[in-house]
Amino acid sequence: MKIEQAPPQLDRRAFIQKVLTGSVTGSLLLIYPMGGGDALDMLQPSTIPNIPEQIPGIRDEEYDIHERKFAFIVDITRCIGCGSCCVADKREYNVPDGNYRTWVERYIKDFDDQVYVDCPNGGLDGYQTPRTDIDAPVRDTFFVPKLCNMCKEAPCVQVCPVGATFTTPDGFVLMDSDRCVGCGYCIQACPYSSRFLNPITHTAEKCTWCYHRVRKGLLPACVEVCPTGARKFGSLKDETSEVYKILKGPGVLTVLKESMGTWPALYYLGARLEVI
Amino acid sequence: MSGFHEGSAMLLSNFVLPNDLHVHWSMMIVLYPYITGLVDGAFIIAALYYLFDVKSLKPVARFSLLFALAFLCCATLPLLLHLGRPERNLNMLLTPSPSSAMAGFGYIYAVSMGVLGFIVLFVYRADLVKLKQHSRGIMKLIYRLLTFDCDDLSPRAMALDDRIIKILVGLGIPVAAFLHGYVGFIFGGVKANPTWATPLMPVIFLFSACVSGIAAIVLAYIVIRKFTGKFIDGPCIITCIKTLTGFFILAFSFEMLEVFSHSYLKSGYHHMVEGLLNGPLATSFWLWQVKICSGIPLVLLAIMAFIKLQQPRYNLLAAGVSAILLLQVFIMRWNVVIGGQLMSKSARGYTVFHPEWFDKEGILAVIVVMLIPFVILFILGKIFPFWTEEQNG
Amino acid sequence: MFSNYEFRLIITVVIIGIATGMGFVVKAQLTPDSFGTYGHYRADAIDEEILRPIRHGTNTSCLKCHPYEAAIHLKGRHQTISCEFCHGTYADHVDNGKKIGTLPVKKNTEITTLCLRCHNTEIKARSQAVIKTVAMPEHLESQKVKVTHTCNQCHHVHAPLKYINRAKQITGITESES
């Protein structure tokens, strides 16, 4: 569970001052032409919403893209199927209906080792009602969040004919929406079904571990909103981060479809045999 | 992989991953291998005559070149209709990824168009020169361009033509093999899909491509000659059918070997593939592809191979077998492309495919795309006559 | 040496060669500049992804301007729940330090539905170690509360045990069963 730090006490004057500063800065930004500058100019603290850094060390240093590594761990024992992650992801990226960058599946096991899996609306509405169509007595139930596995040897990158999907030097598999021709090969090649064709832009799309947030020192949206800490994210350069400690420790971490040889960077804690 | 010991038949919940519900590669992607397959098969007939000197194939040699060219002209159409952003299609030529089979398309297509185009020009040079001398205006200009603006029909020039044709056809065979083989590898190289990931995929595609192309030539030849009231060359049909039989036996054996060896090995997600073939694809695979469209042709081809038939009856059977085999290859492409996507990557369920009528990849679009090559063939026939005078009797 | 015909063929081959060469020149020109910097892709695409507008803030960004809610929320069991999950994204509310819209507040039975999204015991997958769950309407009945009551009539939505604990302090009644 993550605990927020209490914000400093704000009186009315300080509040008005902050708002005015923000408005003035904002209006100045409107006057000064934004174009022509390096994209990295945009990372100046004044242009980021007034949010403290969540991943230590990203903002104050020069970002060396070759030196950075991140880890994402999903703890199945803590997922309650609330669907906050799915809702946050949909809101962060305006994901079209019927397509999912991340989703949560419900697994039900009976005493004959039969597994029943469902995922109503990708988990966007959470799981509000139990399954009524299973006759056998239920032995166990659990939730499995799924998202892009950021494979170190990503099959989607291998098959893209035009170089529209790629692995960055800091380990993120991203999309170049200006280059994508919408052939759908990457969607076929992904063993985890993380990708879809955006019906509006007609290009391929997938979860990016909120790269635009991570580069500004913020956690991915789904990690941010998870109330139980089932999703964990951190920089492996930060030895105080939870993910670093988990990866250093003796806990059992698994990945999905290991036999495919994709070397996912997404780890599962507490995963089960039945999860594919 | 534990938790599956009961097999797919016992699974009571059909679970399709949320992003797997939609079938992305639709009928246009079924059509593209089919069209390039027809090109390959037709080219094999031409290659057998021009390179391997199989004299009995002379009546269809030129026709099969034109047939291949007509279909090759249309090969990009299904792809452009499929792409989400067809206006960016040149990206395939500008930044082709060396690790992607699909990236080869632009360059392989360009080379095969060049090779086939030049083969046609050299084969028809004598006819074109004669046509040039009888024409005027814009047609004369076109013929001048097509004959390298040269009227030389001397024995030395014709001998050079023959050598060039042989070289180009020899070059054309590996190019054609790439043109269709890489499509097979597009599927065979997708480890995420158990129905597609097999080293046999390019081989199966190539052999069934030859089947479809030869069948198309046989059927088109018989139909066109019948409708224009000309005679049908018996030995030619016999040679075509023998070649067809050989390729079909190979293609069918590999198709069945694929299914059988996976069924025996029972490795990986094979129970799901079995569930697919015995479930959603039971009708289109076992009934249509295997029993009707492979079983019947095998019987008919056996009859044609072992029983002495009168030529007209033989020709009728040849046309019938060819029509069924054209259907077989189409259904096989359908089962591979669309059938392969019905199985969800959850390994726990199957989705459904509903062909639309008026979609850009819909049934009407498929019909139009398949008609266009015949229109092109008709136009080509006006410039490059299908048969020589002697063949017209 | 070469006949007229052979000469023309050679010219044709040369023309094709030149055209191919020119084609590769055009290809190099049309390929984007940043292509190939890190690999077979346009490196500028990374910078473009960084420029994507951020829609969610964090709880800290919300609580900076809402100190009253902060004081309650940060002391309660719901301190790990994102404000934005229930109320909407930061980007719909504030832009450049200025308020641009009002975020919705859930009311009445909407609140009950939202609570049950996590706290419904009927969904057996929720470990008691992670979250406390209840069944409705049994929970209301066991607490001797009218079954038409919504959750927020006893539980403060931002700190669900705030009133419960206070009530226990006042009345001296300890937890019987849930």
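Between chain B and chain A there are 27 residue pairs in polar contact, both residues at pLDDT 80 or more; such a contact is a pair of N or O atoms within 3.5 Å, where within protein one must be able to donate a hydrogen and the other to accept it, and residues adjacent in sequence count only if both atoms are side-chain atoms. The count of salt bridges between the two chains is 0, taking a side-chain nitrogen of Lys or Arg within 4 Å of a carboxyl oxygen of Asp or Glu.

This is a predicted model, in which local features need pLDDT of at least 70, side-chain atom pairs count only at pLDDT 80 or more, and totals for chains, interfaces and linings use all residues. Residues are numbered from 1 along each chain as its sequence is written, chains are lettered from A and ligands numbered from 1 in the order written, and side-chain values use heavy atoms, without hydrogens and water.

| Class | Residues of chain B |
|---|---|
| Nonpolar (Ala, Val, Leu, Ile, Met, Phe, Trp, Tyr, Cys, Pro) | 22 residues |
| Polar (the others, Gly among them) | 16 residues |

With contact meaning heavy atoms within 4.5 Å, chain B contributes 45 residues and chain A 55 residues. The area buried between them (accessible area, 1.4 Å probe, lost on being put together and summed over both) is about 3,900 Å², and carbon and sulfur atoms give 53% of that area.

Conventions. Buried area = accessible area lost by both parts, 1.4 Å probe.
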